[in-house]
Number of protein chains: 2
Amino acid sequence: MGFFGFLIGRRLANREGQARKITALEGLPAMGLDGLSSSAYGPEAALSVLIPLGAAGLGEIRPIMLAILLLLLTLFVSYWQTIAAYPSNAGSYTVAKENLGANAGALAATALMIDYVLNVAVGISAGIGALTSALPALHRYTLLLCLAVLALITIVNLRGTMEAGIAFSGPVYLFIASFGGLLLFGVAKAIAAGGSPQPVSAPPPLAAAETGATLWLLLRAFASGCTAMTGIEAVSNGIGAFRDPTTKHAHRTLSAIVLILAVLLAAIAYLAPAFRVAAMDQTRPGYQTVLSQIAAAVVGRGSFYLIAIASLLAVLCLSANTSFVAFPRLCRVVAHDGYLPRSFAIPGRRLVYSVGVLWLTITAGVLLTVFGGITDRLIPLFAVGAFLAFMLSQLGMAVHWYRQHGHPIRLAINAAGALVTAGALAVILSAKFVEGAWITVFVIPCVLALLRATKRHYDTIDCLLREEGPIDLRGSKPPIVVIPIERWDRLAEKAIRCGLLLSREVAAIHLTRLEGPDAEEHEGRLRRQWYEEVERPARAAGLPPPQLILSPSPYRSFLGRLLKHVAETEARHPDRPIAVVIRADQGALVGPSAAQLARAAAARDAAAPWWSESRRRYGAVVP
Amino acid sequence: MGFFGFLIGRRLANREGQARKITALEGLPAMGLDGLSSSAYGPEAALSVLIPLGAAGLGEIRPIMLAILLLLLTLFVSYWQTIAAYPSNAGSYTVAKENLGANAGALAATALMIDYVLNVAVGISAGIGALTSALPALHRYTLLLCLAVLALITIVNLRGTMEAGIAFSGPVYLFIASFGGLLLFGVAKAIAAGGSPQPVSAPPPLAAAETGATLWLLLRAFASGCTAMTGIEAVSNGIGAFRDPTTKHAHRTLSAIVLILAVLLAAIAYLAPAFRVAAMDQTRPGYQTVLSQIAAAVVGRGSFYLIAIASLLAVLCLSANTSFVAFPRLCRVVAHDGYLPRSFAIPGRRLVYSVGVLWLTITAGVLLTVFGGITDRLIPLFAVGAFLAFMLSQLGMAVHWYRQHGHPIRLAINAAGALVTAGALAVILSAKFVEGAWITVFVIPCVLALLRATKRHYDTIDCLLREEGPIDLRGSKPPIVVIPIERWDRLAEKAIRCGLLLSREVAAIHLTRLEGPDAEEHEGRLRRQWYEEVERPARAAGLPPPQLILSPSPYRSFLGRLLKHVAETEARHPDRPIAVVIRADQGALVGPSAAQLARAAAARDAAAPWWSESRRRYGAVVP
């Protein structure tokens with residue numbers, strides 16, 4: 001089995017596929033990591049925007065969070081319906097493609113793919129950033145730690161989505177239990193104290209107000225808080241990972257993630273003003289996150305605080321896992337339609353789409369390495385893709401219900417969802433455009449163009465290869481066989497025998513001076529051998545003797561000279577196919593592989609499409 | 001032509017080979033850079049060993065340098081004779097191989113190849129080190145500068161040895177003129193002043209003696225000084241670069257290099273005690289090289305001093321060029337004998353052995369990158385290989401003259417040379433063993449083993465491929481043809497038509513479930529198409545209908561399942577060859593290349609040698 005087998009596990013058979021599928025129990029950790037960890041940075045992001053309002057900002061967080069929760073509810077209902085309507089894949093790509101057309105589908109896929117890649121880089125670096133700010137001694141190993149987490153998540157996901165669900169269930173359930181418990185305990189305490197509880201460990205005093213609330217500021221706070229829901233889409237895209245009935249398990253997983261996220265968000269929105277906890281300026285010394293302040297205020301900085309914060313750190317570091325579940329499955333559907341290379345659609349040895357997993361690892365790894373593990377600058381790029389996909393998905397579902405008639409409530413929900421997500425997207429874009437969102441706006445059309453070029457490529461091939469009618473067996477003349485040989489040896493003998501099976505017209509071509517001006521040539525010897533060992537025996541056996549052509553290659557080019565000879569032969573015999581016999585292995589000094597030969601032949605006919613008619617001439621037989 | 005053509009130049013024809021050859025005018029800069037730059041560090045290295053002797057050490061440098069000059073003279077006479085005796089390639093490899101046997105030749109080649117690689121890394125980093133210590137602002141770009149110089153030398157040498165000679169003649173001739181002039185002027189001044197001239201800019205005072213002279217110390221100083229002659233071998237190895245008559249041009253180049261080097265060394269050895277210049281401790285502040293001190297003492301720190309030091313810096317940085325001329329040509333001869341892959345023996349587009357050039361660049365580049373451009377630690381590894389090769393070459397020539405009889409003086413010279421170089425090698429090894437020479441001693445056998453394994457590999461193939469007797473045309477039965485198909489399309493049609501040319505027994509194999517448990521299969525459709533489009537037309541044309549086999553691949557392995565089918569077919573028909581028809585391009589979802597197929601087939605028969613009889617079964621035809 002070897003090291004690779006030890007790392008990834010044994011090869012799984014197709015019939016084991018169903019047993020590898022997951023339920024909500026593994027689905028919640030596997031797909032929910034991003035959504036749950038969002039509870040840490042969503043409210044924080046919203047409160048950060050409110051910092052200039054000082055104490056007054058705390059009064060705004062509850063209505064803002066209420067709006068976010070309403071949007072979350074809309075998305076939840078919408079995705080619930082989508083999963084029911086498209087039980088095999090309910091991602092934005094499918095919904096947009098089915099209802100808004102192929103281009104909208106490709107756009108949704110592009111936006112989501114970019115977002116998933118960013119999510120991995122940003123998620124890991126944010127988690128490791130939180131870890132190293134807790135343990136500054138680790139700071140110099142930032143990039144190494146990021147890459148280690150990336151490698152860990154990759155390996156676990158290459159083993160299987162079920163394994164990922166099981167492996168990461170520990171931190172996830174510990175986080176839910178400890179932080180959920182802590183927040184609910186805090187809420188109970190606050191209610192008991194009439195809404196103004198006494199903090200165990202007091203948060204730092206609030207800053208003075210610098211400015212008054214404006215609509216634009218509140219909208220920006222709302223848009224920033226919306227980053228909390230970027231992980232919601234994953235269940236719809238990862239629907240193929242669920243056991244039958246997929247709809248039931250997907251519904252359960254989605255409900256669990258949204259319910260827990262909503263409870264956490266609501267509790268935080270309630271507790272922050274209650275304990276007078278605001279966001280702090282990250283660049284100032286003594287910085288603490290909102291959640292850390294709330295936890296300290298509720299239970300003090302004891303061991304329970306430490307457990308809760310540790311589980312939060314683990315969830316943050318592992319939040320990239322959601323992308324690893326959803327991205328390969330999205331790519332699979334997209335590749336199935338020809339927008340990505342087909343290898344994205346092939347299950348690997350563990351029945352996950354390994355190419356997608358590895359592609360995600362490589363792109364995220366490059367991002368992490370280029371930015372040295374500090375991807376702060378990528379955060380504004382983030383969420384644009386998710387909300388673009390949300391909007392397309394909502395719009396698609398609205399069209400879906402409109403076309404089906406008789407579902408006015410569903411239509412209304414999705415239409416409202418489309419409007420709100422479009423609004424959120426507009427706010428996100430305008431708020432973050434200069435800071436970096438323009439990069440996403442620039443990258444999306446580029447990736448989209450790539451996807452469409454791939455699709456065109458496959459369409460062209462399909463069109464060229466489509467077979468109409470029965471096989472054409474009339475008048476297939478035996479080919480003229482051309483065999484490049486290096487010298488007279490057993491390989492050459494096999495090639496000639498093989499050529500004689502194909503046709504009675506066989507020519508061996510020996511390219512001289514391939515080895516440069518200083519090489520010794522043995523032309524005479526080869527001619528003698530050819531006469532003795534080939535021509536004479538062939539005549540004796542009553543076969544037309546194979547010809548030997550010695551052709552100098554003054555520029556030491558093998559392929560060019562060979563193709564020129566083939567073209568000349570073809571010009572002399574336009575009605576005959578030409579077969580070139582070559583070796584299977586590439587150990588020879590001058591032997592091209594079949595693929596090289598085909599590529600060179602295609603390149604020569606530059607005017608023709610890549611699957612040119614001219615390529616048909618080059619049959620190649622490996623003896 | 002493109003960027004590559006712009007960088008390297010147009011492709012040269014074989015007939016242009018002679019016009020690209022060089023004379024001594026280009027040979028001196030191209031091959032002499034290492035030798036001439038040695039004058040900078042050879043005396044310095046010897047004087048460094050003498051530091052503990054204080055002022056008394058200066059008294060020892062003249063006799064030590066005299067011994068080195070005598071050794072240089074021996075090597076010169078010896079290589080002169082070698083070039084005359086072996087006018088096509090006079091390197092240690094050829095001489096040792098011809099006179100001491102193939103193993104001694106391979107050992108000499110190994111030692112030299114390692115030395116050439118080290119020379120590139122050490123030469124460039126020493127040059128850039130000297131540059132950055134003159135201009136400390138450049139220090140942070142050390143690695144970048146090293147790699148830039150490496151890239152420059154690589155590109156120039158890929159363009160051609162002649163281009164390298166022309167490009168680098170500027171710095172070389174400037175160095176010879178300025179430094180040679182400076183030193184001779186100093187000698188004249190010193191003689192005029194009766195041996196104790198007044199320095200223009202006085203060198204720092206000499207350190208106090210810490211210890212007395214011992215034989216071991218003097219031997220170490222001698223061994224360190226010997227590093228000055230590592231570049232001497234290059235002319236013999238690069239002999240193929242010279243114009244006809246090669247011997248004449250090689251002799252001239254060798255003479256010029258040795259003469260200039262000897263003059264420089266002698267002048268330095270005379271001037272150091274005259275101006276009371278000693279080596280300084282590199283780790284102390286205010287460090288200056290011996291040459292810088294001498295130059296300052298002779299002409300003061302004026303503009304002439306600056307020109308001389310700048311030309312010295314340029315020569316140091318470019319000293320790696322000698323390796324770039326000699327290494328590829330050494331590899332070419334070695335590859336010609338089968339000890340290296342044959343690609344080392346093929347001239348590239350500019351008629352230089354590009355593979356050798358690039359290989360040297362890559363290995364030296366890796367060394368430079370790993371050591372961050374500071375290869376001080378590699379210096380002790382250096383010179384071991386060169387002196388091992390010197391010794392083998394001297395020994396080989398001694399045997400050569402002994403066998404020819406009647407050359408007692410030549411025999412004596414080479415025998416003495418062998419003794420002295422062996423002694424120098426022993427001293428170098430013992431003096432530097434702990435500091436790092438043990439690594440060379442460890443690496444040489446490893447590389448040697450690799451060379452011999454390559455040779456065995458080629459010998460095995462040659463032995464297996466050797467053709468005895470005429471082509472065997474009796475009883476070649478038509479093969480059973482196996483054609484993997486993905487679906488019924490024009491590619492499949494071409495493959496079947498091609499298969500029907502080969503044999504009347506054609507089977508198409510379609511592997512189902514390749515795309516995993518969730519893929520839809522269209523078996524029924526394929527069977528219907530096969531019946532309609534293939535079987536019926538074939539029967540109508542009077543041909544035996546090609547068979548369609550649907551074979552499930554439960555583990556999604558294409559090659560494994562295909563080879564299993566081939567093995568089963570073979571077991572049923574042990575007397576028939578089997579041909580597998582595959583596609584030339586690899587664009588298909590599941591199409592292996594011919595090479596992959598051959599490799600997999602070879603790997604399956606693990607017990608057989610790599611060119612196993614079993615491989616003969618797998619013919620592959622690309623339609």
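Which residue lies over the face of B:Tyr339? B:Lys455 does, at 5.3 Å from the ring centre.

This is a predicted model, with local features needing pLDDT of at least 70, side-chain atom pairs counting only at pLDDT 80 or more, and totals for chains, interfaces and linings using all residues. Residues are numbered from 1 along each chain as written, chains are lettered from A and ligands numbered from 1 in written order, and side-chain values use heavy atoms, without hydrogens or water.

**View 1. A lysine over a tyrosine ring in chain A.** Here the charged end of A:Lys455 sits 5.4 Å from the ring centre of A:Tyr339. The cut-offs for a charge over a ring: NZ of Lys or CZ of Arg within 6 Å of the centre and within 35 degrees of the ring normal.

View 2. Rings of Phe, Tyr and Trp (its six-membered ring) pair if their centres lie within 6.5 Å; planes under 30 degrees apart are stacked, over 60 edge-to-face, the rest tilted. A:Tyr79 lies in helix α3 and A:Phe390 in helix α16 of chain A, so the pair ties together parts 311 residues apart in sequence. Both A:Tyr79 and A:Phe390 are buried (buried is under 20% relative accessible area, exposed over 50%, partly exposed in between; 1.4 Å probe, protein chains only). Ring pairs also bring A:Phe387 into a cluster with these two.

**View 3. B:Trp488 and B:Trp530, also an edge-to-face pair.** Their centres are 5.9 Å apart and their planes 85°. B:Trp488 has a relative accessible area of 6%, and B:Trp530 has 1%.

Key
Helices (H or I, at least four residues) and strands (E, at least two) are DSSP runs, numbered from the N terminus.
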